[in-house]
Amino acid sequence: MNIPAHVPAHLVYEFNHNTDEGLLSDPQQRFKELSDKFPGGLFYSPCLGGFWVMTNYENYATVANSPDLYSSREVTIPSTGGMYRLIPVNIDPPDHAKYRQVLAKQFSPPRMRKMEDDIRVLANQLIDNIVDKRACNFVDEFAEQLPVTVFMRMMGLPLDRLEEFRGWAMVALTETDPKTRMPVMMNIIGFMTESLQARNTERQDDLLSDIIHAEIDGRPITMEEAQAYCLLLFLAGLDTVVNATSFGIRHLAKDKTLQQQMRENPEIAPAFVEESLRRYSFVNIGRIVSKDHELNGQLLKADEMILVPQIPANLDEQAFENALEFQLNRKGPNRHVAFNTGPHNCLGAHLARIELALTYQEWCKRIPEFSEDPTVPPVLAAGPVMGMRNLQLTW
Ligand code: HEM
């Protein structure tokens, strides 16, 4: 085991967020244990080439708000070695702002609110296919379908290829073997590139057109940059929503009182969305240290990687009293960091909140009292975006 000399022995702990058994059984509980084990808010794992792991809210906020010290030119551990670029997330301030601006208007709250009616109709169409079966794999039959369809419509990808695209998306988002995943990623990039080229010739009213006709710093965007936006939107906007809805619905399946409350009083959905994102956050973002410096007295060296998981921040007792408790009406604003904080805070947060709230409202309205099927345990996935691959429900 190669431990750098500046890392004290008491902070060393073998941990691999891509394969950890604890994360595969209960990611929130597992990170809570790690926070208790390292109350200083930081430890060092020698796995995957070695990296630091943040374990409290304060350190999370420091890292997220200090892009000069913690660069996002690498956001996955181990590093992808620059295999592909994701814009705007891989770009640090000050350049980041002009790249982010290209998407900002398209994801504004008024634009997103205009999509509400369509998303509600879509949620109901998906429920129509399931309701009479009295059982379903929620991930497969609802959670994955909704955001993929919303994404394709928003981008302007041809809906007659929805099934084909959905098939690719599922492999790209769930497959961990690069040999299987890479050819599918290439199909997705190829499909988006074709569509970008078509919009280059003939502009339409969709996000692909806005991207390919955008200007960055007064010059036309390049095709390589346009692809990097599309790839990020694909990776950031699908799997995240799938897992957030699955954790939320699983909580409702366990808490019948809250489930009934949602049925009778759907206005609680926005508060439910926030508390569920806090209690069941699931994204592990990565950063790379830009220069030698100390964080709470611990030396971090340039080019070291840091995992910045949201779970220990959102379950930190200093930030959230009785953090493991699900409290619909937490005192004060819910300062969770599920959508990150700082310059890279999630641009799709408004859209995600709408998709989540409508899912909880429509699901509870249409599906009678539902429970987890005790004979088919959920299958969880670890990695940069942790979540559920299977959630069997019955009603
Ligand atoms: C519950 C669902 C979602 C969660 C939990 C989530 C979470 C996050 C997080 C943690 C980041 C920060 C990444 C980093 O700093 O390394 C991020 C960034 C981003 N997200 Fe989301 N996201 C969600 C849904 C979406 C959706 C639906 C879209 C769009 C279709 C989207 C688009 C983006 C974009 C463009 C960024 C990059 C922002 C920047 O770098 O300035 N996200 N998201």
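How many of the residues of β7 are buried? The count is 6 of 6, so β7 is mostly covered, where buried means under 20% relative accessible area, exposed over 50% and partly exposed in between, using a 1.4 Å probe and protein chains only. The model looked at here is a predicted one, with local features needing pLDDT of at least 70 and side-chain atom pairs counting only at pLDDT 80 or more, while totals for chains, interfaces and linings use all residues. Residues are numbered from 1 along each chain as its sequence is written, and side-chain values use heavy atoms, with hydrogens and water left out.

Overall, the protein has 17 helices and 14 strands; these are DSSP runs numbered from the N terminus, helices being H or I with at least four residues and strands E with at least two. Its C-alpha atoms fill a box of roughly 60 × 55 × 40 Å along the principal axes. A compact globule of 395 residues would have a radius of gyration near 21 Å, and the protein agrees because its own value is 21 Å. That radius is taken over C-alpha atoms, and the globule rule is 2.2 Å times the number of residues to the power 0.38. Buried residues account for 57% of the 395 residues.

Back to β7. Asn284, Gly286 and Ile288 point one way from the strand, Ile285, Arg287 and Val289 point the other way, and all are buried. Gly286, which is found in β7, counts as buried because its relative accessibility is 0%. The C-alpha atom of Gly286 is 9.3 Å from that of Val53, although the two residues are 233 apart along the chain.

As for its neighbours, β7 pairs with β3 (residues 70–71) in the antiparallel sense over 2 bridges; two strands pair if DSSP finds at least two bridges between them. Ser71 has Ile288 of β7 as its bridge partner. With strand β10 (residues 305–309), β7 also pairs in the antiparallel sense, over 5 bridges. Here the bridge partner of Ile288 is Met305.

The largest share, 4 residues, comes from α12. There are 27 residues around the ligand, and His96, Arg100, Arg287, His344 and Cys346 come nearest; a residue is near a molecule or strand if one of its heavy atoms lies within 4 Å of it. By class, the shell has 17 nonpolar, 8 polar and 2 charged residues. In that scheme Ala, Val, Leu, Ile, Met, Phe, Trp, Tyr, Cys and Pro are nonpolar, Asp, Glu, Lys and Arg are charged, and the others, Gly among them, are polar.

The iron atom of the ligand gets a single donor from the protein, the SG atom of Cys346, at 2.3 Å. Donors are N, O and S atoms within 2.8 Å of the metal (3.2 Å for Na, K and Ca), and water is not among the atoms, so sites may look incomplete. Cys346 sits in the loop between α16 (310–314) and α17 (349–366).

An N or O atom in the side chain of His96 is 2.7 Å from an oxygen atom of the ligand, and a polar side-chain atom of Arg100 lies 2.7 Å from a ligand oxygen atom. At Ala236, a backbone N or O atom lies 3.5 Å from a nitrogen atom of the ligand.

Elsewhere, 3 strands form an open antiparallel sheet in the order β4-β14-β11. Its edge strands, β4 (135–137) and β11 (371–372), each pair on one side only. β11 and β14 (residues 392–394) run antiparallel and are joined by 2 bridges, with Leu393 in β14 as the bridge partner of Glu372.

Two helices round out the picture. α8 (residues 145–155) is mostly covered, with 10 of its 11 residues buried, among them Phe151, Met152, Met154 and Met155. Just after α8, Gly156 takes a positive phi of about 90°. In helix α14 (residues 256–264) is Gln261, which is partly exposed because its relative accessible area is 34%.

Methods: A polar contact is a pair of N or O atoms within 3.5 Å; within protein, one must be able to donate a hydrogen and the other to accept it, and residues adjacent in sequence count only if both atoms are side-chain atoms.
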